[in-house]
Amino acid sequence: MRADDMIPLGRTGLTVSRLGLGLASLGGLFTPVSDEDAAATVERAWDLGVRLFDTAPVYGYGRSEFRTGLALRPRPRDAYVLCTKVGRLIEPDGTDTQDIWADPPPGVGPRLDYTRQAVRRSLEDSLTRLGLDRVDVLHIHDPDLNYPVALAEAYQALADLRAAGVIRAVSLGVNHADVAARFLREAPAPGPDCVLLAGRYTLLDQTGLAELLPLCARQGVAVFAAGVFQAGLLAEPRSGAAYGYPNVPAALLERVRAVRAVCAEHHVPPLAAAIQFAFGHPAVAAVLVGARTPDEVTANAELLAHPVPAGLWRSLKATGLLPAEAPVPAG
């Protein structure tokens with residue numbers, strides 16, 4: 001599989017590249033990123049055929065959106081799919097701050113708000129930061145933080161925008177598969193078009209397989225799989241803290257080591273297996289992977305294209321590291 005392979009995005013009428021660029025890193029996720037590296041990272045992704053870009057207001061408190069727009073504005077607007085999110089407004093002295101952003105702009109912060117008015121204002125603010133006239137996909141970001149309002153108001157606001165042709169697709173951006181499944185069951189028809197599922201359909205966590213992914217397949221909802229490197233653990237198992245893991249459980253470290261051992265037996269880089277695994281499920285349209293340098297984008301594209309034999313997936317199932325029912329990519 002190549003980074004520039006294109007696929008229809010479910011029922012949306014959009015077409016996306018199989019590899020998408022997650023843009024949290026360009027907002028300074030854990031580590032500062034220079035303006036120059038941010039621009040070069042998007043440029044390298046474009047040169048490799050990536051045509052799916054995912055950002056959010058909360059990523060660096062507007063910094064990711066600003067840098068994303070700056071890099072994409074010279075590109076033909078119909079040539080790529082751009083996603084951002086609603087649910088947090090970036091305001092002076094916003095109090096819903098997060099310590100994962102290395103160098104956010106001073107004096108501003110996010111505020112949770114899933115009301116209709118906030119959703120419309122969020123989109124307007126995002127377009128201003130991006131310097132673009134539209135986005136294609138709007139995710140309701142972390143709807144579990146205020147589920148009743150996210151369902152009753154944020155979804156309806158986005159559905160109205162979709163009906164008016166302002167956006168092409170309504171989506172959910174979630175870290176919890178059960179929340180997304182509940183939302184898909186309870187949202188008024190036609191419901192969300194997509195789900196961005198972070199960290200819950202990976203080599204280390206197949207939570208999404210039980211209910212959400214089959215539900216998406218039945219409803220024609222396209223899935224973006226994100227967090228497939230599991231916060232860096234698959235690249236470098238360690239006994240101390242890792243990104244996203246204040247304390248790495250011993251059982252998780254042992255599972256990482258076991259997965260890496262099976263990959264070594266088959267001469268496959270663990271991250272190549274990680275970036276390709278989700279594509280075995282028919283509901284998964286694209287995998288979103290972050291990068292903070294052009295070299296990281298190149299490495300991700302190479303991992304996506306790296307041959308992975310069918311025997312690797314069989315070995316992972318035989319050792320209990322993957323459930324027997326998990327669909328896997330064709331070898």
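Reader: Is Arg63 buried, partly exposed or exposed?

Author: Buried means under 20% relative accessible area, exposed means over 50%, and partly exposed lies in between, with a 1.4 Å probe and protein chains only. Arg63 has 22% relative accessibility, so it counts as partly exposed. A word on the source: this is a predicted model, where local features need pLDDT of at least 70, side-chain atom pairs count only at pLDDT 80 or more, and totals for chains, interfaces and linings use all residues. Residues are numbered from 1 along each chain as its sequence is written, and side-chain values use heavy atoms, with hydrogens and water left out.

Reader: Which residue forms a salt bridge with Arg63?

Author: Side chains of opposite charge can pair when their charged atoms come close. A salt bridge is a side-chain nitrogen of Lys or Arg within 4 Å of a carboxyl oxygen of Asp or Glu. Here the partner of Arg63 is Asp103, and the closest N and O atoms are 3.2 Å apart. The pair links distant parts of the chain, 40 residues apart: Arg63 is in helix H2 (residues 63-72), and Asp103 is in the loop between strand S6 (88-92) and strand S7 (108-112). Helices (H or I, at least four residues) and strands (E, at least two) are DSSP runs, numbered from the N terminus. Asp103 is partly exposed, at a relative accessible area of 29%.

Reader: How many salt bridges does the structure hold?

Author: The count is 20. One of them pairs Arg88 with Asp96, with 3.5 Å between the closest N and O atoms. Arg88 is buried, because its relative accessible area is 6%, whereas Asp96, at 25%, counts as partly exposed.

Reader: What does the pair of Glu91 and Arg121 tie together?

Author: Glu91 and Arg121 form a salt bridge whose closest N and O atoms are 3.0 Å apart. Glu91 lies in strand S6 and Arg121 in helix H3 (residues 116-130), so the pair ties together parts that are 30 residues apart in sequence. Glu91 counts as buried at 13% relative accessibility, while Arg121 is partly exposed at 33%. Salt bridges with shared partners join Glu91, Arg121, Arg111, Asp113 and Asp125 into one network.

Reader: Where is Val308 found?

Author: Val308 is in the loop between helix H9 (294-305) and helix H10 (310-318). With a relative accessible area of 9%, Val308 is buried. Its C-alpha atom is separated by 7.6 Å from that of Ala272, 36 residues apart along the chain.
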